[in-house]
Amino acid sequence: MRRGLPAHAFDGRPHIAIANTASDLTPCNSHLNEVSESVKQGIWEAGGVPMNLPVVSLGETLVRPTAMLWRNMAAMATEEMLRANPVDGVVLLGGCDKTIPSLLMAAASVDLPAVVLPGGPMLTGTFRGVALGCGTDVWRLSEEVRAGTLSEKAFMRSESSMIRSRGHCNTMGTASTMACVAEALGTVIPGVAGTPAPDSRLLQSAHDTGRLAVELVERGHRPSNLLSRGSFLNAIVALAAIGGSTNAVVHLLAIAGRLGIELSLDDFDRTGAAVPLLVDLQPAGRHLMEDFHRAGGLLAVLREVRDLLDPEALTVTGRPLTEYLDDTQIWDKTVIRPRGEPLQSAAGIAVLYGNLAPGGAVVKPAAASPELMRHRGRALVFDSVEDMHARIDDPDLDVDASSVLVLRGCGPKGYPGMPEVANMPLPAKLLERGVRDMVRICDGRMSGTAYGTVVLHVTPEAAAGGPLSLVETGDPIVLDVEARRLDLDIPQEDLQRRRPSEAMLAGFASPSRGWERLYIDHVMQASQGADLDFLVGSSGDRVSRESH
Ligand code: FES
Ligand code: MG
């Protein structure tokens, strides 16, 4: 055998793929080859045979136009390679934002025994004696540069100080959120999510995960018989308690869709909205992932909301998630708050409806300004990201702090891929006057590391003919988060008489070929997880024909 495997490697023992998203172009995952070596040792030790399988890797910082455009492609490619190759189970190695979601979507559709090992966050870096959070502080400091209170040179130095080690963003951005959500779903060995990337305990967990993958095959535990609706509701509770990224909404909807589990946008509001925010991490709070891990991590948080969790939902170990909560404890109450002293009493993602978002839109109260949660203001409309960049800093822009910034053409079809642009920059002239938040509305997404009173994932998107396409600058818009409403306050007849502007239509993407064409023709709206319609569901692991 070319790999030098002994003959007994083929005596029927489980062959385990390590779906590995290591790539030099995905800096957040660049250490996963080393992690894979520890996974291999665990697989060998448990009597399996490891097979490293490099899969499509997506890095937020480098991939254009947006890594989200390729999430479904990565999921499809991974699913097909896991089916096409002779493997019995899989270890999923991810880190950067889209990698864990795409791997879980793939595993759900091929339905092979699967366990996730999250690559872990970076260690905390400091600048001028202060800890800086990846992403969040870049947004914050870039506003200071635009406001004239920080030099560009100091800004560049701050960025390199922030990236102190390997690993993914160390805020509760999408990568940290999806690692925690994957653990709450039951797909990670409980207690592992949040282990910093350079921590030797990550390699220990990698070894354990390899061992467990072999066991999973022996037990016959597949995503279809491990994950239930209760697992997803547990993930929603966790998402709310940690103040996690809004991106988790689209990812969880997509993963559930692959499993045929009934999950809707409303489940996030119904199950999550009343959950207290217990984790004081950026972007909603102050601390970083290293603090979170030291303070007890996800299990310590879940122990506080145990009564809200489904006690039957299983984990990859074969034991229910709630069984792991007895041995946990909060070690630092400034980072993880006890249930009785929450940062906010009800901070889960709220789902809004109204004549501006008939299919729903989401807002993350934990990252918003309380005084803007109920607001009426005049719309200032941008037809594309380029239009917004061209005009936002114009000193003559007709805007004040009460205006509502509307950005459209950024949905799954319109851009395409639904970029993280919803937290659009505030007009420079208002920044100079000290304004630091305004109501913003968009059919795109927002980075998990971002903050502000941002209504996002507006459905249907403008490019799918949603009412967002008919808003005109000057229209009064009413946001009422408590009432769960987002409305354009103009007579319905006036709205019906309007036609979409040429400028907006010209901004929508219309590729003639390739993945982008396939994507636009088949992508579903954000409220359905933005998966491709023909990828919903599972095909199992059966191969249809022989090769020769
Ligand atoms: Fe990869 Fe933030 S850029 S996790
Ligand atoms: Mg991101």
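User: What are the helix and strand percentages over residues 335-530, and how far apart are the end C-alpha atoms?

Analyst: In this predicted model, the chain over residues 335-530 is 17% helix and 22% strand. The end C-alpha atoms of that stretch are 33 Å apart.

User: Where does the range 335-530 come from?

Analyst: It comes from UniProt, where an unreviewed entry places the feature "domain: Dihydroxy-acid/6-phosphogluconate dehydratase C-terminal" at residues 335-530. Such annotations may be inferred rather than shown by experiment.

User: Why is Gly 95 called buried?

Analyst: A residue is buried if 20 or more other C-beta atoms lie within 10 Å of its own. Gly 95 has 32 other C-beta atoms within 10 Å, so Gly 95 is buried.

User: Where does Gly 95 lie, and which residues does Gly 95 touch?

Analyst: The loop between S3 and helix H3 (99-110) holds Gly 95. Leaving out residues up to four places away in sequence, its contacts are Cys 28, Asn 29, Leu 32, Pro 118, Gly 119, His 168 and Ala 175. As for Val 115, which is 20 residues apart from Gly 95 along the chain, the two C-alpha atoms are separated by 14 Å.

User: What makes S1 and S2 a pair?

Analyst: Two strands pair if there are at least two bridges between them. Six bridges join strand S1 (residues 15-20) to S2, so the two strands pair. They run parallel, and Ala 19 stands opposite Leu 53 in S2.

User: What is the strand order of the open sheet, and what makes S2 and S4 its edge strands?

Analyst: The four strands have the order S2-S1-S3-S4, with parallel pairing. Strand S2 (49-54) and strand S4 (114-118) each pair on one side only, and they are the edge strands. From one strand to the next, the twist averages 20°.

User: Which helix lies across these strands, and at about what angle to S2?

Analyst: Helix H1 (residues 32-45) lies across S1, S2, strand S3 (89-94) and S4. H1 runs at about 155° to S2.

User: How do H9 and H11 pack, and which residues meet?

Analyst: Helix H9 (residues 229-242) and helix H11 (residues 265-272) pack at an angle of about 60°, their axes 9 Å apart. The crossing is right-handed. From H9, Leu 233, Ile 236, Val 237, Leu 239 and Ala 240 meet Asp 267, Phe 268, Thr 271 and Gly 272 of H11.

User: How do the residues of that contact divide into nonpolar, polar and charged?

Analyst: Six are nonpolar, two polar and one charged. Asp counts as charged, and Gly is among those counted as polar.

Note on methods. Residues numbered from 1 in each chain as written. Chains lettered and ligands numbered in written order. Predicted model: local features only at pLDDT ≥ 70, side-chain atom pairs only at ≥ 80, totals over all residues. Axes fitted to C-alpha atoms, helices over the stretch in contact; angles between N-to-C directions. Contact = placed C-beta atoms within 7 Å. Left-handed = near helix turned anticlockwise from the far one by under 90°. Buried ≥ 20, exposed ≤ 12 C-beta atoms within 10 Å, placed from the backbone.
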